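Please keep the sequence and the structure in view while going through the points.

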Amino acid sequence: MTDHRPWRGVLVATALPLNDDLSVDYDRYAEHCAWLVGNGCDGVVPNGSLGEYQVLTPEERARVVETAVAAIGGERVMPGVAAYGSAEARRWAEQAGEAGCRAVMLLPPNAYRADERSVLAHYAEVARSGLPVVAYNNPIDTKVDLVPELLARLHGEGYIRGVKEFSGDVRRAYRIAELAPELDLLIGADDVLLELAVAGAKGWVAGYPNALPRACVELYRAAVGGDLGTALPLYRQLHPLLRWDSQVEFVQAIKLSMDIAGRHGGPCRPPRAALLPGQEAAVRAATEKALAAGLG
């Protein structure tokens, strides 16, 4: 196995453009992927929660991956392959490989509160696809916590190569580095970017670059490069938006920011409902302020 690590850098968890009838606009999605890379992002992560994978048909989900690969090349595409069953998740990993992808991102079992044996078996099954797997730790939503000790075991068994860390507990970065120094830590929540970058993160699976890619890439590069003189003021300016990535309404908020920034965010599929008036006003004000400051 080569040491190529396509998950390093800024990989955007892409929002999925929908038409007014809620069908997927694949042409617009292809253009969006190319636009993100053209604005400095290193790649994309289709079929994550921000991409509303849970409400896509299998045909739509496969075509989303194929569209991204056709637009920017498979080495820049790391699809989410989460599924209730391990066999289904493995099939999605195999589909990603057949499409030309070089890695996949995988949640733990999330149909129930899985124990450690179930988590190990789940990642072992998907690792059999032959593609490197990046774990996604989101205990807030899945109720399954990939604690540093478990991540170290998954890495030691050869099942995972990295982890998207969304727990919000930035102290874990140091424990993970102690227990599994070769396991790549990826920033999983936009609003702890600076803290995890300083702690040694190798990448960012990002939400808000969907709307403001250049400013977000500048922030990430400065943060991982130790240029706090650049990173800290930029982080403070962007944080009113970045914190939406950790809210229940993150998909709606990011899509609204895209609309305001001149992109196409558009609607979401049910059961996601529109933002409440106060939420919409807050997102709109923060986005317009960022744009007025030149943070495109």
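**Note on the predicted model**

1. Helix H3 itself covers residues 86-99. Its 14 residues should span 20 Å at 1.5 Å a residue, and its end C-alpha atoms are 20 Å apart, which agrees.

2. Which residues of H3 are buried? They are Ala-89, Trp-92, Ala-93, Gln-95 and Ala-96. Seen down the axis of H3, these buried residues fall within an arc of 155°, so they line one face of the helix. An α-helix has 3.6 residues a turn, so residues three or four places apart point the same way. The face of H3 turned away from the buried side carries the exposed residues Arg-91 and Glu-98. On the buried side, the packing partners are H2, strand S3 (104-106) and helix H4 (116-127).

3. Helix H12 may be read in the same manner. It runs over residues 277-292, has 16 residues, and reaches 22 Å from its first C-alpha to its last, close to the 22 Å expected at 1.5 Å a residue. Gln-279, Val-283, Ala-286, Thr-287 and Ala-290 are buried in H12. They cover an arc of only 100° around the axis, which puts them on the same side of H12. The exposed residues Pro-277, Gly-278, Lys-289 and Ala-292 are carried by the face turned away from that buried side. Among the elements that cover the buried residues of H12 are helix H10 (228-242) and helix H11 (250-260). H12 is followed by Gly-294, whose phi is positive, near 85°.

4. The loop between H11 and H12 contains Pro-271. The peptide bond from Pro-270 to Pro-271 is cis, with omega near 15°.

5. Leu-22 has a positive phi, near 70°, and lies in the loop between S1 and helix H1 (26-38). Asn-47 also is not a glycine, yet has a positive phi of about 60°; it lies in the loop between strand S2 (43-45) and helix H2 (58-72). Is each of these residues buried or exposed, or partly exposed? Leu-22 counts as partly exposed, because its relative accessibility is 24%. Asn-47 is buried, with a relative accessible area of 4%.

6. Ala-13 belongs to strand S1 (residues 9-13). It counts as buried because its relative accessibility is 9%. Leaving out residues up to four places away in sequence, Ala-13 touches Val-45, Leu-50, Val-205, Ala-206 and Asn-210. Ala-13 and Ser-49 are 36 residues apart in sequence, and their C-alpha atoms are 8.1 Å apart in space.

7. Ala-173 is placed in helix H7 (residues 172-179). At 5% relative accessibility, Ala-173 likewise counts as buried. Its contacts, not counting residues up to four places away in sequence, are Leu-185, Leu-196 and Ala-199. The C-alpha atoms of Ala-173 and Ile-187 are separated by 9.7 Å, the two residues being 14 apart along the chain.

8. Which residues touch the most other members of the largest nonpolar core? In this core of 107 residues they are Met-78, Tyr-123 and Tyr-208. Apart from its neighbours within four places in sequence, Met-78 is in contact with residues including Trp-7, Leu-11, Val-44, Pro-46, Met-105, Val-134 and Val-205.

9. The chain as a whole may now be considered. Its secondary structure comes to twelve helices and seven strands, and 56% of its 296 residues count as buried. A compact globule with 296 residues would have a radius of gyration near 19 Å; the chain has 18 Å, which agrees. The C-alpha trace spans about 50 × 45 × 35 Å along its principal axes.

10. Two further totals complete the description. Of the contacts in the chain with a separation of 6 or more, 70% are between residues 24 or more positions apart. The accessible surface comes to about 12200 Å², and 51% of it belongs to carbon and sulfur atoms.

Notes:
Residues are numbered from 1 along each chain as its sequence is written. This is a predicted model: local features need pLDDT of at least 70, side-chain atom pairs count only at pLDDT 80 or more; totals for chains, interfaces and linings use all residues. Side-chain values use heavy atoms; hydrogens and water are left out. Helices (H or I, at least four residues) and strands (E, at least two) are DSSP runs, numbered from the N terminus. The expected span of a helix is 1.5 Å times one less than its number of residues. Buried means under 20% relative accessible area, exposed over 50%, partly exposed in between (1.4 Å probe, protein chains only). The arc is that of the directions from the helix axis to the C-beta atoms. Contact means heavy atoms within 4.5 Å. The radius of gyration is taken over C-alpha atoms; the globule rule is 2.2 Å times the number of residues to the power 0.38. Accessible areas come from the Shrake-Rupley method with a 1.4 Å probe; for residues, only the protein chains shown count as cover. A nonpolar core is a set of buried Ala, Val, Leu, Ile, Met, Phe, Trp, Tyr and Cys residues joined through side-chain atoms within 4.5 Å.
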